[in-house]
Amino acid sequence: KFISSIVFLKNNSLKFTKLPPLKSVNLRLHKNKDWLQIEKMIPKIGTSRIFYDESIKKKLRENYLKTWIYNFFRGNRADELSVCVKKGSNEILGFILLRYEKKVCVFEQLFVSPNARGMGVGGQMILWTNKKFCKGLPVISGVHSKNPRVIDLYKSLGYKVINELFYYHLHV
């Protein structure tokens, strides 16, 4: 069964696009206690190929994403996690999970809370994470084709499409 395709985009982390700063948010490194908020966000944001496969039980789809992100907090996945928090409340509005692979930075996951979408949070997180962690390395991110707003966001920040893969699942 065809599930979706994933579009890979690439940019040089030294090519910074200017965005007006968001005065209502702070960008920072993760704290271990952030897991408590992130865990609650995941069922509301799911955008993975597993999430799109309705032949898989909803609870399993949610647990797949939770496990993926929780493995970072256990030290078993990825290298960095940056978060965007609402000033004054420390409510997490979004996060990026980053992994170093050879001489490339890979954004494994980028999530923005549904109530923060369209406010510039995603763009701010991408640029901040590039500057903070990628230090001149090329940056690659994969975005599901069912998420065209995020593909357009990356393109507006200078990212170029470099590949597209198609996901199929076998159900027997």
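Biologist: Is Tyr154 buried or exposed?

Modeller: This is a predicted model, where local features need pLDDT of at least 70, side-chain atom pairs count only at pLDDT 80 or more, and totals for chains, interfaces and linings use all residues. Residues are numbered from 1 along each chain as its sequence is written, and side-chain values use heavy atoms, with hydrogens and water left out. Buried means under 20% relative accessible area, exposed over 50%, and partly exposed in between (1.4 Å probe, protein chains only). Tyr154 has 0% relative accessibility, so Tyr154 counts as buried.

Biologist: How many aromatic pairs does the structure hold?

Modeller: Rings of Phe, Tyr and Trp (its six-membered ring) pair if their centres lie within 6.5 Å; planes under 30 degrees apart count as stacked, over 60 as edge-to-face and the rest as tilted. The number of aromatic pairs in the structure is 9.

Biologist: Which kind of pair do the rings of Phe72 and Phe73 form, and why?

Modeller: The ring centres of Phe72 and Phe73 are 5.5 Å apart. Their planes stand at 85°, so the pair is edge-to-face.

Biologist: What is the angle between the planes of Tyr154 and Tyr159?

Modeller: Tyr154 and Tyr159 form an edge-to-face aromatic pair, with 4.8 Å centre to centre. Tyr159 has 2% relative accessibility and therefore counts as buried. The angle between the planes of Tyr154 and Tyr159 is 75°.

Biologist: Which residues form one aromatic cluster with Phe72 and Phe73?

Modeller: Phe72 and Phe73 are both buried. The aromatic cluster that holds Phe72 and Phe73 also contains Trp35 and Tyr70.
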